[in-house]
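Subject: Structure handover and notes on aromatic contacts

Dear colleague,

Here is the structure I said I would pass on.

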Amino acid sequence: MDRDPFPVDVIQENYVRNVRNCIFSIVYPTPFKSRVRLVAVSKEVLENILDLDISVKGTSDFLEFVSGGKVIFGSVPLAHRYGGHQLLTLLSTPAAWPALICDRHGERWELQLKGSGKTPYSRNGDGRAVLRSSVREFLCSEAMHYLGIPTSRAASLVVSDDDVWRDQFYNGNIKKERGVCNTDNFSLLSITIDYGPFGFMDSYDPNFVPNTSDDEKRYKIGNQANVGLFNLSKLLQALKPILDPRQKQLFTELFRAKLGLLGENENDNYLIAFLLKIMEDTKADFTMTFRELSEITEDQLRELHIPEEFWALQDLGKHKLFSEWVTMYLLRLKRSSSLERQPQKMYFTCWLALECCSAIPGWPSGVKQDCPVNSYLGLVQEWESRAGGGEM
């Protein structure tokens, strides 16, 4: 008799426990006790992914379904069990929300109802999602998609007046309120998933960590390549796949593309590390540095005549070694015969998410609700200094 490749938990009661010998548990969403409101939908997700007309958003059936108040007739909601190394420690059953596995044009899709209540895999808390994190996830996943970065998508966002209890620092202490790269957040398909304590690095800082639970900075931005190799090594232990030896070269190739460098040069790693060190010392904006390097003319850069609108490069220009780096960079560009530097033109940042969250009723009055360009740096610094920034 063939074994079921996706066994379902034989225990159907929903209580926190060690679940064994299965992949899924049957778990029905927990309906909200208070009034539920639909506050956002993605037209593209509804129509192009779920094959629904946008008009469905105005129906009570849709609201009940996306809020966990009703289950589609004939379907069985499942909580997906998964395991992974969190903060380098193996956890066998992290939390998972109820989901529906459906067939779409011969493909298997998993529709998750995030924040729809406890499952057998839940930690302390109530299995809900706070509004501010949900707004950030909705906005960021859409931004990543339109930047051409593979990502999970959000179809809708609902709110209620129910209280939420959150273990913000994952230490067992919960309170009433409401980017890590664990192996369970690491997609082999390079899909951005599990938007929880994530953040965007504005001023370049290799020690930047958006996750308040990572107090030892294991997942700091400067350690991401090593974390990726750690995650792949754990997969290697489990599945024994063939690891592409070029993985170690991808970091250099990424920055070559950002700087418009064609071909290879033995000094490229030094040139890149030199720039990153200057960015770290001057706290230059990470994304804007590469964007402005793609827009400034070669003559302006050679003469260090940096226009006022190139404020990130002006920050770099304050460093005593910037002119030395420029000389090296222009020489390398001349050798590669390339000025085709193509960093992204539009991007999403934490301060943009903060501006959106500031419109939420009850948001702290001390947080600025406007975001003019001339107060950009102040707002970034204000956001970065706030405790628990990764869960905002």
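This is a predicted model: local features need pLDDT of at least 70, side-chain atom pairs count only at pLDDT 80 or more; totals for chains, interfaces and linings use all residues.

Residues are numbered from 1 along each chain as its sequence is written, and side-chain values use heavy atoms, with hydrogens and water left out.

Overall. The chain has twelve helices and ten strands (DSSP runs numbered from the N terminus: helices are H or I with at least four residues, strands E with at least two). Of its 392 residues, 42% are buried (under 20% relative accessible area, with exposed over 50% and partly exposed in between; 1.4 Å probe, protein chains only). The accessible surface is about 21,900 Å², and carbon and sulfur atoms account for 54% of that (Shrake-Rupley method with a 1.4 Å probe; for residues, only the protein chains shown count as cover).

Aromatic pairs. Rings of Phe, Tyr and Trp (its six-membered ring) pair if their centres lie within 6.5 Å; planes under 30 degrees apart are stacked, over 60 edge-to-face, and the rest tilted. The count by this rule is seven pairs. One of them is F255 with F286, edge-to-face at 6.4 Å between centres and 85 degrees between planes. This pair links distant parts of the chain, with F255 in helix α5 (residues 250-259) and F286 in helix α7 (residues 286-295), 31 residues apart. F255 counts as buried because its relative accessibility is 5%; F286, at 16%, counts as buried too.

W325 and Y329 are stacked, because their ring centres are 4.7 Å apart and their planes meet at 15 degrees. They are four residues apart in helix α10 (residues 322-336), so about one helical turn separates them. Both W325 and Y329 are buried.

There is also an aromatic cluster, formed by Y204, F255, F286 and F290.

Helix α7. Eight of its ten residues are buried, so α7 is largely enclosed by the rest of the structure. Among those buried are F286, F290 and E292. At the start of α7, a side-chain oxygen of D285 comes within 3.2 Å of the backbone nitrogen of T287.

Charges over rings. The criterion is NZ of Lys or CZ of Arg within 6 Å of the ring centre and within 35 degrees of the ring normal. The charged end of R17 sits over the ring of Y15, 4.6 Å from its centre. R128 lies over the face of F32, 4.1 Å from the ring centre.

Regards

Definitions and conventions:
A polar contact is a pair of N or O atoms within 3.5 Å; within protein, one must be able to donate a hydrogen and the other to accept it, and residues adjacent in sequence count only if both atoms are side-chain atoms.
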